[in-house]
Amino acid sequence: MASDVGARSGAEHRIGVLISGRGSNLQALIDAIAKGTLDATIAVVISNKAGAQGLDRASAAGIETLTLDHRAAATRDDYDRQLAAELRARKVRLVCLAGFMRLVGAPLLDTFPDAILNVHPSLLPAFPGVDAQKQALAYGVKVSGATVHLVTHELDGGPIVLQAAVPVHDDDSVETLSARILEQEHRLYPTAVQMLLEGNWRVEGRRVLAAAR
Ligand code: GRF
């Protein structure tokens with residue numbers, strides 16, 4: 001299926017970013033927009049956790065923020081409907097999960113088909129879910145990395161947009177490996193967002209490919 005995420009340009013490239021915490025990937029998007037390497041506008045940053053550090057980063061950049069506590073929603077679907085409504089109200093075309101610690105369900109997936117991205121700290125399909133860096137160390141892999149992928153019903157299982165590998169060193173701790181992977185996340189995420197917004201891509205099965213000309 002060809003994508004229409006990138007059918008418009010410039011200020012029309014409105015993205016929404018969902019966070020739960022630190023927000024360093026959000027910061028990478030903000031910085032790339034400021035540098036001009038990402039041609040997009042962050043229309044809103046939504047956190048499911050009050051006081052998330054990423055909310056301060058957004059405010060400092062003059063971006064609208066919203067806290068939507070998932071515990072206040074009656075059901076999982078109700079929460080996703082609220083998210084979808086807030087994002088649609090701001091004419092968001094692409095949704096970026098950036099450390100958003102919630103499974104995304106049908107109401108959001110159906111509102112943004114092939115238009116929700118996530119960044120994950122492993123070379124998927126290895127080590128989905130939480131503590132990916134700890135899982136990689138425990139398994140003993142010599143290479144791990146970062147993945148940007150489209151979000152589907154399957155946890156960390158959607159079509160892969162970009163990946164970068166990093167070496168795992170013998171003396172790595174979760175912290176040192178996480179830091180090495182994070183550097184790549186910060187490089188990959190704005191690149192992937194720009195690529196999707198430009199729109200010259202399609203999904204074929206599990207593969208994200210350059211659009212046929
Ligand atoms: C990142 O490692 C990301 O891959 C994972 O959660 C972490 C979020 O970090 N999904 P930050 O909030 O962007 O700093």
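Select V119 and the ligand: a backbone N or O atom of V119 lies 3.0 Å from a nitrogen atom of the ligand. The model is predicted, and every distance on this tour is computed from its coordinates.

An N or O atom in the side chain of R22 is 2.5 Å from an oxygen atom of the ligand.

Next, show the whole shell. Which residues surround the ligand? Select R22, G23, S24, N25, G99, V119, H120, P121 and E185. By class, this shell has 5 polar residues, 2 nonpolar and 2 charged. Colour by secondary structure, and α1 and β5 are the elements that give two or more residues to the shell.

Now widen the view to the pocket. The ligand takes up the space of the largest pocket, whose volume is about 820 Å³. Its lining counts 35 residues. To find the middle, select G99, F100, M101, V119 and P121, the lining residues that lie nearest the pocket centre. Of these, G99, V119 and P121 also belong to the residues around the ligand.

Which elements give two or more residues to this lining? Select α1 (24–35), β5 (116–120), α5 (132–139) and α6 (174–198) in turn. Stop at α6, which gives the most, with 4 residues. Colouring the lining by residue class shows 15 nonpolar, 14 polar and 6 charged residues.

Most residues other than glycine have a negative phi, and most peptide bonds are trans.

Select D114, in the loop between α4 (106–111) and β5. D114 is not a glycine, yet its phi is positive, at about 50 degrees.

Then pass along β5 to the loop between β5 and α5, where P125 lies. Is the peptide bond from L124 to P125 cis or trans? Select both residues and check omega: the bond is cis, with omega near 15 degrees.

Terms used:
Residues numbered from 1 in each chain as written. Predicted model: local features only at pLDDT ≥ 70, side-chain atom pairs only at ≥ 80, totals over all residues. Heavy atoms only, no water. 1 Å grid on protein atoms, 1.4 Å probe; cavity = no way out; pocket = protein on both sides within 12 Å on 5 of 7 lines; lining within 4 Å. Points joined across faces, edges and corners; volume = space filled by probe spheres on them. Nonpolar A, V, L, I, M, F, W, Y, C, P; charged D, E, K, R; others polar. Near = heavy atom within 4 Å. Polar contact = N/O pair within 3.5 Å; in protein donor to acceptor, adjacent residues only side chain to side chain. Sits in = over half its atoms within 2 Å of the grid points.
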